[in-house]
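Me: Please examine the following structure, and then answer some questions on one residue and on one pair of helices.

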Amino acid sequence: MHEPDDEFSDLAALAAASGVTEPLRASRQVVRGDDGRETAAIRWDTADGREARITYLHGLGIDAHSFDQTALAVGEPAVALDLPGHGRSSWRDDADYGAAVTAPQVLAALDALDVPPGIVVGHSLGAILAARLASLAPERVTGLVLVDMSPDFAQRAVDRIARALEDEEPFASLDEVVDRAVEARVGDDRQVLLREARHTTRLGADGRLVRRHHFPHLPAGRTASVGRFADAWPDLEALDVPLLLVRGDRGYVSPKLHTGFVERLPDARVVTVTARHAVQNQAPLELATAIRAWAGDHGLLHSVEKPSPDGPVDR
């Protein structure tokens, strides 16, 4: 059975598991653009009302909640968006979710949410989108964090993932969602996968569970676009802000892609953690540590002192 939609009910437990004694407060906000499309966000606030200095952008087929534990562990005011076509954000009639198309909507949402310039953290598709945001509005981005994504990730693999999402059948139960994820090697921690399943599904009209994102709901014969990831290279190579790549040792940024990334962006910091592709779900505390260390070294967050990076760093 799908539990009631109390989306923040387990945050206290997540904070405790992260060793956080004064957790951020989460709330849901939705803004509507001039075109009528809605963008949903989770706002992470502190008791003293400091402005958000981090924006989190999730990957293909998941939602803003994938960054919950990382956001709590980083402990900085932030906004995590549901990307267009995902979570509680509007679907596009043309089903085009490439970064070049969705970036203007995301920028307008950040304006409507009064998010000041700061760090942008993007996972997978969200990483490609983060690079596009930095190119379109460089004044908004003080630092960029890519989570397990390089623009050299094979486009055929990107498109194959999108097609798999479109072909996904409804689920009889949350356990079935988890079982399929384990079979697909998305992860092996059933509790983590169960939490993701609760947030990324809803009850359909027939009582079965369906994904919140647009892909499996397209009309017969229609396919979605997620754009060309290689198009992000000019955006990244034109950056004039600190750049961090956090890759999973079993993720999509293979050793070969890692080497190519460092050759093209030699000033970037690269941290490798033990995880598959969804680093923020499988190694959220390690990701938070990497972000805080890198941000401290570059003076990007006023509340972070300058520590030495904690964990393996490859240059």
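**A histidine and a helix pair**

Reply: His58 lies in the loop between strand E3 (54-57) and helix H2 (68-74); helices (H or I, at least four residues) and strands (E, at least two) are DSSP runs, numbered from the N terminus. This is a predicted model, in which local features need pLDDT of at least 70, side-chain atom pairs count only at pLDDT 80 or more, and totals for chains, interfaces and linings use all residues. Residues are numbered from 1 along each chain as its sequence is written, and side-chain values use heavy atoms, with hydrogens and water left out.

Me: Is His58 buried or exposed?

Reply: Buried means under 20% relative accessible area, exposed over 50%, and partly exposed in between (1.4 Å probe, protein chains only). The relative accessible area of His58 is 0%. His58 is therefore buried.

Me: Which residue has its backbone nitrogen 2.9 Å from a polar atom of the side chain of His58?

Reply: A polar atom of the His58 side chain lies 3.5 Å from the backbone oxygen of Ile62. For the backbone nitrogen, at 2.9 Å from a polar atom of that side chain, the residue is Leu83.

Me: At what angle do helix H3 and helix H4 pack?

Reply: Axes are lines fitted to C-alpha atoms, for helices over the stretch in contact, and angles run from 0 to 180 degrees between N-to-C directions. The axes of H3 (residues 99-112) and H4 (residues 125-136) are 9 Å apart, and the packing angle is about 65°.

Definitions and conventions
Polar contact = N/O pair within 3.5 Å; in protein donor to acceptor, adjacent residues only side chain to side chain.
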